[in-house]
Amino acid sequence: MSQRFVVTPAAGGPAEPGAGIEAPAEPQRSPRPCPEPGNKGDDALPILHYCREPSRYGDGTPRENSPFINNTDMERENIYEGKNMALFEEEMDSNPMVSSLLNKLANYTNLSQGVVEHEEDEDSKRKEIKAPRMGTFIGVYLPCLQNILGVILFLRLTWIVGAAGILESFIIVFMCCTCTMLTAISMSAIATNGVVPAGGSYYMISRSLGPEFGGAVGLCFYLGTTFAGAMYILGTIEIFLTYISPNAAIFHSEDVEGENRAMLNNMRVYGTCTLILMAMVVFVGVKYVNKLALVFLSCVILSILAIYAGVIKTAFDPPNIPVCLLGNRTLSKRDFDVCAKFQVINDETVTTQLWGLFCNSSMLNASCDDYFYQNNVTEIQGIPGVASGVILENLWSTYAEQGAYVEKKGMPSLPVSEETKTSGLPYVLTDIMTYFTMLVGIYFPSVTGIMAGSNRSGDLRDAQKSIPTGTILAIATTSFIYLSSIVLFGACIEGVILRDKFGEALKGKLVIGMLAWPSPWVIVIGSFFSTCGAGLQSLTGAPRLLQAIARDGIVPFLQVFGHGKANGEPTWALVLTALICEIGILIASLDSVAPILSMFFLMCYMFVNLACAVQTLLRTPNWRPRFKFYHWTLSFLGMSLCLALMFICSWYYALFAMLIAGCIYKYIEYRGAEKEWGDGIRGLSLNAARYALLRVEHGPPHTKNWRPQVLVMLNLDSEQCVKHPRLLSFTTQLKAGKGLTIVGSVLEGTYLDKYREAQRAEENIRSLMGTEKTKGFCQLVVSSSLRDGMSHLIQSAGLGGMKHNTVLMAWPESWKQSDNPFSWKNFVDTIRDTTAAQQALLVAKNIDTFPQNQERFREGNIDVWWIVHDGGMLMLLPFLLRQHKVWRKCRMRIFTVAQMDDNSIQMKKDLQMFLYHLRISAEVEVVEMVENDISAFTYEKTLMMEQRSQMLKQMQLSKNEREREIQSISNESRCSIRRKSRSSPQSIGQDVQALLPNDSQEEEAQLIHDRNTAAVARTKAAATPEKVQMTWTKEKLISEKHKNKDTNVAGFRDIFTLKPNQSNVRRMHTAVKLNGVVLNKSQDAQLVLLNMPGPPKNRQGDENYMEFLEVLTEGLNRVLLVRGGGREVITIYS
């Protein structure tokens, strides 16, 4: 419960500071105003009033009236609750009371973050949701039935049975139904693992596998749903133009090939008009579409019942449906009625219409087709019935090429030597080539629709119970319908009729309709309305799915489709859906569109199984589905089956669908919004990282695998911004995204005081890392001193085997200034720390002149001055830098220094051979340094350095001594005053007045403690418990003051008579000589890499060491001082 305390001062003055309780930083509105301070009747003491406020987590009912438990004005029920909850009253702002939270949790109206983030949490204008009332049967079972049973059942299942045979058709249906059943089991586990808001399958996949997979698979599912709409519309037009009103065709043709093209053009025209009409219906009155869903479902159920009734009727009363055969070839009865060559009319033999189709005239002596002339015309029953035994003929497959004759097995046929042109002859031909895998692709859309229940999870009374039960029962029911239909169709219908896709042998009637009872029109009308309704449902659901993806914000260019009408209808998403659907309609062939949407649905189902398998194997604490009948092996089997079916249907469509999903995945990964949904892929990455870290040895890696794992030490200003951002640019150029990068920094202070600054600094560093494209981790430490913080980073940064081996830092440019927080002492100690930790050290001098990532050096040199062997760091670093675009066109030059006794010619040959074996191309030059006397400049520079060092020491010593003396005198004075106050309080004022002089000069004088007397007093105090009496006079104070002044003046006088140390003179000589040689050769180089000499073992010379480094690099533009970590980092071996 949110609380606010107001301190009201008494009516006479303000409250004492610190007497009250500070209010929270964000005040909240109170149901009743707090009493104003200063009112009449206020007590004499400040009163702590309590303002009741509703918590943002609670139900708004105040639970306590006063922090004073014994307040008599409190109600009785609030007394007990106040007493019980007083211990937690300071946590009520962040932690709600369970009693006020449970009601919200039960109704899913105020869930914590991570559950309702898809729409509710991200939409501040959350609307009231009506209480869900739908159960399993209405909410899940029937919608799944409606979506699964559809156009393929009525238009293509008999043809699939005729082409593949009963056995192979049974295998096709069994594979597809097994795939959907395994997917339903995985989906049930995911759907019962918490609340599934709007978005259905997309929500489940995205929250289980992350935004990248979720966006890619969600868009694939959207495309599948959209192409399903195109398939249903094409099915509707095919039923209308083929079986209801063939005369409504706009385009006509005489030959067979032209007729197929005309049919496709008719499908395009009527399909486009139907799509526009359906889109307008969805746009204007989507609520009517949902109300008509039950009508469409009833049409499907009645049609299936009519099929079963017709099968039962064939057992005792088969229908009379004659089929005309010429030899063993099936004839189309669209253009003739009598299945015979001749017929007797009034005792006269005359030719029939069939004769006229195969012969050039109706005369008996006309020239006829050879096959027609040599083979007889017979008539068989198209639907002989269950008891006819035709099931044995239909067991095996009868695949055919495109344009082949539909022939009956076992019928006598006399082949002719030369086939005449069949164009115009009334044969039934196959329109496309048939084979097993192609039939799988055409059939699979008939088992899709298992997500209908999960898509309506928000409208269910108990979604976690209804979704598994309803979906699995619906799949079991439809699987039984499909499998039994295969057997019954093969047992009742003649094979040539099964292979007659468009019912040409039945005068253009629907094959499955001729089987139904009481009338074929039950199937025709029922299938027409069911496909029409399924198309409307697809055009209704697909835009909402796209809107859900767009509102998630994971695909930036789709955000425009998240908007719609005032009531939330997705207008722009509907427009895009209609355009994509038009692409499927322009294809115009139901058999060509079906495999496309099969790919997208199979990919969606595959990732549902993957999500369940990943969550199960990871065993994340949040994975607690109520549906218990699942196992990761079932999910893995379902995923494998989906993948296999994708390539069985069409390998090129499968690759194309994967390419689309991969492109979407990479786009979301590169440009999409970052979302943290606690997904399984993140958990899988953590497990993989843990496994890899445990596998990585704690020891140093082999030289072949060595690469700089860099700890970048950044300095921050007072605003917690990075002082040298180009240090990160240089890191990016050095690393090129490979290996480990840790960006570290130190804030001085305590964590409790500085945690907000630390958070702000970390955000600034991460932002800069993103700008500079530095891939790595940020680690910020709050420490009592900068020195300790940097030492802690060097020791503890990294994890396990993934620790840094190189430290990169900027040269402290203002190290001579005393107010610089990163003083030279910290710098030198950091060098010692890296040496002790056996880590390499890179120090970038003049870092602000280093290039940014956008700059390019068109020419120039990277000069390496190899003076001492450091394990090959100086060779490796330029090679790594030249991999980046900034340094790619720079040449590498290596200089080494030869002494008087060295053979410089042989050194150059050896160095060239060494670089050849290292596979590094570079120019080599050996520089000879001639021995000469130490110059006066070197001697003078060393002398100035040591004088400055001594002066700093004296100043520091004088300052420290003054602080110690003042502190000790203060302590002694306090003790003396306390002793006197115990004996005679009245004499305190007189003693103080006596010690305070009147003139200004005497006012500046301080009590200086006699160090000798203090030492004697301390030793005596340890030996005897007697008190030490210390008498201070004005003369003693003045003499002590002058004594200290004389000592200081003498110390500074000694500085100017100082003689330089010979060791320092030699070091300065080396620095000056080497600097002159480097300037002579590398003054114009883009970057100079130098061996960094180590700090002195004696800490007294640290400031001199800084001076040596300054002289060594003086006059150079960009310098990188390199100090090896004590191990080889480059090798000549493979």
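This is a predicted model: local features need pLDDT of at least 70, side-chain atom pairs count only at pLDDT 80 or more; totals for chains, interfaces and linings use all residues.
A residue counts as buried under 20% relative accessible area, as exposed over 50%, and as partly exposed in between.

Leu-643 is located in helix H19 and belongs to a nonpolar patch on the surface, together with Phe-647, Trp-651, Tyr-652 and Leu-655. The accessible area of these residues together is about 510 Å². Two elements give two or more residues each to the patch: helix H19, residues 632–649, and helix H20, residues 651–671. H20 supplies the largest share, three residues.

A pair of packed helices can be considered next. Two packed helices are described by the angle between their axes and by the distance between those axes. Helix H5 covers residues 157–191 and helix H13 covers residues 463–492; their axes come within 9 Å and cross at roughly 170°. Angles over 145 degrees count as roughly antiparallel, and H5 and H13 are therefore roughly antiparallel to each other. The contact of H5 with H13 is made up of 21 nonpolar residues and nine polar ones, with no charged residues.

Most residues other than glycine have a negative phi, and most peptide bonds are trans. Where does the model contain a cis peptide bond? Such a bond joins Trp-517 and Pro-518, with omega at about 15°. Pro-518 sits in the loop between helix H15, residues 511–515, and helix H16, residues 520–552.

Lys-507 is not a glycine, yet its phi is positive, at about 60°. The loop that holds Lys-507 runs between helix H14, residues 495–498, and H15. Is Lys-507 buried, partly exposed or exposed? Its relative accessible area is 42%, so Lys-507 is partly exposed.

Arg-919 is another residue with a positive phi of about 60° that is not a glycine. Arg-919 is placed in the loop between helix H27, residues 904–917, and strand E15, residues 923–928. The relative accessible area of Arg-919 is 55%, and because exposed means over 50%, Arg-919 counts as exposed.

Note on methods. Residues are numbered from 1 along each chain as its sequence is written. Side-chain values use heavy atoms; hydrogens and water are left out. Patches are made of residues with over 30% relative accessible area and no salt bridge: like charges are joined within 9 Å, nonpolar side chains (Val, Leu, Ile, Met, Phe, Trp, Tyr) within 5 Å. Accessible areas come from the Shrake-Rupley method with a 1.4 Å probe; for residues, only the protein chains shown count as cover. A salt bridge is a side-chain nitrogen of Lys or Arg within 4 Å of a carboxyl oxygen of Asp or Glu. Helices (H or I, at least four residues) and strands (E, at least two) are DSSP runs, numbered from the N terminus. Axes are lines fitted to C-alpha atoms, for helices over the stretch in contact, and angles run from 0 to 180 degrees between N-to-C directions. Angles under 35 degrees count as roughly parallel, over 145 as roughly antiparallel, 65 to 115 as roughly perpendicular and the rest as oblique. Ala, Val, Leu, Ile, Met, Phe, Trp, Tyr, Cys and Pro count as nonpolar, Asp, Glu, Lys and Arg as charged, and the others, Gly among them, as polar. Buried means under 20% relative accessible area, exposed over 50%, partly exposed in between (1.4 Å probe, protein chains only).
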